Amino acid sequence: MAMVIDGAETYAYIAVGVQRYADPPPKIIKVSLSSFQIVDEVIFGRDVKGMEITPDGSKLYVQTKNIYREHPSLGVWGIGIFRTSDL
């Protein structure tokens with residue numbers, strides 16, 4: 001699991017789940033820190049190693065394995081880039 005909080009301390013971005021074909025599948029979730037409610041989520045990756053957010057809070061970078069769904073057995077590592085406004 002990995003987590004990062006935006007600079008304004010408004011949202012936490014959390015990677016949950018470790019296996020690509022797990023039930024439920026691994027996700028990146030956006031949690032409001034004022035209400036502790038999930039406000040957005042996206043199914044993504046496996047074995048997340050790290051997450052960083054840009055200083056302006058507009059983009060989230062996620063380092064993970066198996067980002068290419070068409071070749072899940074390759075074990076390819078990569079960086080997923082998400083807009084924080086809508087994941």
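Biologist: Which residue in strand 7 stands opposite Val 62?

Modeller: Gly 80 does. Keep in mind that this is a predicted model.

Biologist: Noted. How many bridges join strand 6 to strand 7?

Modeller: Seven. Strand 6 covers residues 59-65, and the two strands run antiparallel.

Biologist: What order do the strands take in that sheet?

Modeller: The order is 5-6-7. The sheet is open, with three strands and antiparallel pairing.

Biologist: Which strands stand at the edges?

Modeller: Strand 5 (46-53) and strand 7 (77-83). Each has a single partner strand, so one side of each has no neighbour in the sheet.

Biologist: And what does the twist average?

Modeller: It averages 25° from one strand to the next.

Biologist: Where is Ile 79?

Modeller: Ile 79 is in strand 7.

Biologist: Why does Ile 79 count as partly exposed?

Modeller: Because its relative accessibility is 48%. Exposed would need over 50%, and buried means under 20%.

Biologist: New topic. How many salt bridges does a search of the whole structure find?

Modeller: Two. In one of them, Glu 41 pairs with Lys 27, and the closest N and O atoms are 2.8 Å apart.

Biologist: Which parts does that pair tie together?

Modeller: Glu 41 lies in strand 4 (residues 38-43) and Lys 27 in strand 3 (residues 27-32). So the pair ties together parts that are 14 residues apart in sequence.

Biologist: Is Lys 27 buried or exposed?

Modeller: Lys 27 counts as buried, at 19% relative accessibility. The cut-off for buried is under 20%. Its partner in the salt bridge, Glu 41, counts as partly exposed at 39%.

Biologist: Which side chains meet in the other salt bridge?

Modeller: Those of Arg 83 and Asp 86, at 2.8 Å from N to O.

Biologist: Is Arg 83 buried or exposed?

Modeller: Arg 83 is exposed, because its relative accessible area is 53%, and the cut-off is over 50%.

Biologist: And what does Asp 86 count as?

Modeller: Asp 86 counts as partly exposed, with 37% relative accessibility.

Biologist: Good, that covers my list. Thanks.

Definitions and conventions: Residues are numbered from 1 along each chain as its sequence is written. This is a predicted model: local features need pLDDT of at least 70, side-chain atom pairs count only at pLDDT 80 or more; totals for chains, interfaces and linings use all residues. Side-chain values use heavy atoms; hydrogens and water are left out. Two strands pair if DSSP finds at least two bridges between them. Helices (H or I, at least four residues) and strands (E, at least two) are DSSP runs, numbered from the N terminus. Axes are lines fitted to C-alpha atoms, for helices over the stretch in contact, and angles run from 0 to 180 degrees between N-to-C directions. Buried means under 20% relative accessible area, exposed over 50%, partly exposed in between (1.4 Å probe, protein chains only). A salt bridge is a side-chain nitrogen of Lys or Arg within 4 Å of a carboxyl oxygen of Asp or Glu.
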